[in-house]
Amino acid sequence: MPLLISLLTTMTACGTIPFLIYFMLTRLFDSSICAALRYRILKLCLVFYLIPFPLFKHLILRLTSPNAPDNLPADGAPIYLDQTIVQDGNHFFIASIPDAHKALLAVWMILVSSLMIHQLYLYFRFRKQMNLTCTPYTKYHALMKELCSNLHISRKISILFSDSEASPYTCGFFRPVIVLTHAVPKSGIKIVLLHELHHIKSHDFFIRLLGMTAVLAHVYNPFIFLFWKELNNIQELNCDESLIKNLPPKTQNLYGHMLIDMTAIPIRSAQPAIYFFKNNKRFLNNRIIKIKTPIKNRRWLAPVFFCLMLIASSIPAAAYSPPTIHLKNWSTFHKELAQSDWISIAYKDTAGSDIPDIPIDEFAFQYTDAYLMLEDNAILADTQKYIMPDRIAKDCHHHYATGLEKRHSKCNGTSCIVSFYTVKYCKQCHTIVSNVLTNEVTCKPCRHEPASATF
């Protein structure tokens with residue numbers, strides 16, 4: 001879970017930092033930045049929100065760095081794999097994930113999936129209602145074919161008519177549909193069709209679906225809702241800008257008057273469609289100003305903005321460095337590693353000495369039958385006396401860490417059992433508050449020569 005949280009927060013930063021820079025600059029230089037450039041920058045921010053570039057950066061750096069194992073601790077010292085990315089050559093996997101973290105991750109995925117399914121349900125219900133209440137509008141098929149040819153749109157697009165006073169709208173990505181209503185005068189049919197075709201050509205409906213996915217994934221980030229609102233508004237401004245640059249002044253005036261005449265039309269904004277008009281007077285005023293005084297595209301601004309956005313996004317991506325360990329040539333142990341909280345490497349003595357072939361820390365069993373290995377690999381003997389939280393808790397502000405406790409016990413005279421416990425202990429007073437048995441190893445014969453088990 002910490003790995004996922006850190007990745008999500010880093011992706012949030014990668015998308016939010018350039019978006020806030022964009023938001024500030026577009027407010028300061030509103031009359032100098034065209035809608036097309038704004039739309040491209042917002043789509044770049046959307047990519048940063050959705051694609052885990054920080055993780056890709058980290059993995060690529062690990063693959064391109066010298067192919068040598070990380071510095072491993074001393075003989076027998078534990079290597080904690082909890083919430084760690086394990087690398088073996090060109091392969092990566094995540095080690096043991098606690099059950100509590102799996103449950104939280106499952107709840108989060110169920111919540112996000114439920115919201116996405118709900119949005120899909122609303123969309124298909126809307127399409128069904130649209131098909132039942134709307135009729136095919138074959139009168140303008142020839143005009144539609146001509147307009148599609150002029151805009152180089154090859155997809156099949158249907159025209160429907162709704163017997164209502166609602167705003168015309170576009171719905172669908174794979175099979176787009178344009179719905180005309182009584183609110184569109186005959187003189188404005190061509191303009192409305194051009195407007196909706198520009199939405200289709202720009203894949204605005206699909207971009208809006210991706211934007212909704214970003215909102216669901218980063219719902220904890222308040223700036224994602226500002227991004228969502230800005231994305232919807234800029235889609236309309238970009239469509240207006242693309243449309244009016246090829247229209248004569250008289251038709252531009254007609255287009256503006258159509259938008260003003262629709263201010264009294266109620267809009268059901270929750271519906272999954274792109275409406276010709278949004279019932280927002282402040283935004284309408286902005287659209288009319290942009291139609292009346294279009295912004296000239298300054299080509300030099302695009303590379304400047306994109307370089308600035310990339311630099312801003314690369315800062316959190318460069319800082320992302322999840323715990324990763326490189327264990328070379330361990331591919332045969334992937335299954336065991338994926339189910340382990342920690343591992344301990346014992347190096348064999350090849351010099352033929354009489355030193356017992358045991359991890360070096362287990363020589364402590366010559367003096368005690370139980371000890372705790374702290375996170376700095378220091379050994380704390382006689383652990384039983386530290387399991388007293390009631391007495392010590394009053395005098396210490398606990399700061400907990402995870403350690404490894406080993407217990408030694410004799411069995412059948414000549415053999416012994418070493419029990420491994422993952423424990424939670426206080427780094428200041430060493431109070432042990434929990435321990436979980438994770439493994440047991442039987443040695444025949446016993447090679448530890450422990451002291452008496454009596455304390």
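Angles between helices run from 0 to 180 degrees between N-to-C directions, and the axes are lines fitted to C-alpha atoms over the stretch in contact. The model described here is predicted.

Helix H9, residues 249–261, packs against helix H10, residues 281–292, at an angle of about 175°, and their axes lie 10 Å apart. Because angles over 145 degrees count as roughly antiparallel, H9 is roughly antiparallel to H10. On the H9 side, the residues that meet H10 are Gln252, Tyr255, Gly256, Leu259 and Ile260. Their counterparts in H10 are Leu284, Arg287, Ile288 and Ile291. Sorted by class, the contact of H9 with H10 has six nonpolar, two polar and one charged residues.

In soluble globular proteins, nonpolar side chains tend to be buried together. The largest nonpolar core in this model has 31 residues. Within this core, the residues with the most contacts are Tyr22, Leu37, Ile41, Leu42, Phe227 and Phe305. At least two core residues come from each of helix H1 (2–28), helix H2 (35–50), helix H7 (204–217), helix H8 (223–244) and helix H11 (301–319). H2 supplies the largest share, 10 residues. With neighbours within four places in sequence left aside, Tyr22 is in contact with Arg38, Ile41, Leu42, Glu230, Ile234 and Met309.

Strand S5 (158–162) is mostly covered, as four of its five residues are buried. S5 pairs with two strands, as set out below.

| Strand paired with S5 | Sense | Bridges | A bridge pair |
|---|---|---|---|
| S7 (residues 177–180) | parallel | four bridges | Phe161 and Leu180 |

Two histidines call for attention in their backbone. Most residues other than glycine have a negative phi. His152, although not a glycine, has a positive phi of about 60°. His152 belongs to the loop between helix H5 (141–150) and S5, and is exposed, with a relative accessible area of 70%. His203 likewise is not a glycine and has a positive phi, of about 55°. The loop between helix H6 (189–201) and H7 holds His203, which is partly exposed, with a relative accessible area of 38%.

Key. Residues are numbered from 1 along each chain as its sequence is written. This is a predicted model: local features need pLDDT of at least 70, side-chain atom pairs count only at pLDDT 80 or more; totals for chains, interfaces and linings use all residues. Side-chain values use heavy atoms; hydrogens and water are left out. Angles under 35 degrees count as roughly parallel, over 145 as roughly antiparallel, 65 to 115 as roughly perpendicular and the rest as oblique. Contact means heavy atoms within 4.5 Å. Ala, Val, Leu, Ile, Met, Phe, Trp, Tyr, Cys and Pro count as nonpolar, Asp, Glu, Lys and Arg as charged, and the others, Gly among them, as polar. A nonpolar core is a set of buried Ala, Val, Leu, Ile, Met, Phe, Trp, Tyr and Cys residues joined through side-chain atoms within 4.5 Å. Buried means under 20% relative accessible area, exposed over 50%, partly exposed in between (1.4 Å probe, protein chains only). Two strands pair if DSSP finds at least two bridges between them.
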